[in-house]
Amino acid sequence: MVISSLVVETIPEYTEAVAAKLPGLDGVEVHGIEGCKIVITIERPTVDESHDTANEISFWEGVLIVNLIYLNFEDDETIYPDGV
């Protein structure tokens, strides 16, 4: 499982709508909102799937930028197919 933490920055009037929509994506959890910044985690099976989810969010109306804060990918079998 790949776990990443991100901050989604929004146009202020879109923050609540974006935050409400985020949990509808597979593996996404909202942890907090401060001003126009939303702290989330994404848990997906691979780095590519995690990236795809973050990339999708970046194109939503009202989203200015998605900043990666932390990424743990030690269990991604597409990167370590032999488990090492």
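This is a predicted model: local features need pLDDT of at least 70, side-chain atom pairs count only at pLDDT 80 or more; totals for chains, interfaces and linings use all residues.
Residues are numbered from 1 along each chain as its sequence is written, and side-chain values use heavy atoms, with hydrogens and water left out.

Let me start with the whole chain. The protein has 2 helices and 4 strands, where helices (H or I, at least four residues) and strands (E, at least two) are DSSP runs numbered from the N terminus, and the order from that terminus is β-α-β-β-α-β. The C-alpha trace spans about 45 × 20 × 20 Å along its principal axes. Of the 84 residues, 33% are buried, a word that here means under 20% relative accessible area, with exposed meaning over 50% and partly exposed in between (1.4 Å probe, protein chains only).

Now to helix α2, which covers residues 47–58. Which residues of α2 are buried? They are S50, T53, A54 and I57, and, seen down the axis, the buried residues fall within an arc of 95°, so they line one face of the helix; that arc is taken from the directions from the helix axis to the C-beta atoms. The face turned away from the buried side carries D48 and H51, which are exposed. Covering the buried residues are, among others, β1 (2–10), β2 (28–34), β3 (37–44) and β4 (63–72), with contact meaning heavy atoms within 4.5 Å.

Among the lining residues are V47, S50, H51 and A54, together with S4, L6, V66 and L68. By class, the lining has 6 nonpolar, 5 polar and no charged residues.

Finally, I would like to look at H31, which lies in strand β2. H31 is partly exposed, with a relative accessible area of 47%, and, leaving aside residues up to four places away in sequence, H31 touches V39, I40 and T41. The C-alpha atoms of H31 and V47 are separated by 21 Å, the two residues being 16 apart along the chain.

Terms used: The expected span of a helix is 1.5 Å times one less than its number of residues. On a 1 Å grid over the protein atoms alone, a cavity is a set of points where a 1.4 Å probe fits but cannot get out, and a pocket is an open set with protein on both sides within 12 Å along at least five of seven lines; lining residues have an atom within 4 Å of a point. Ala, Val, Leu, Ile, Met, Phe, Trp, Tyr, Cys and Pro count as nonpolar, Asp, Glu, Lys and Arg as charged, and the others, Gly among them, as polar.
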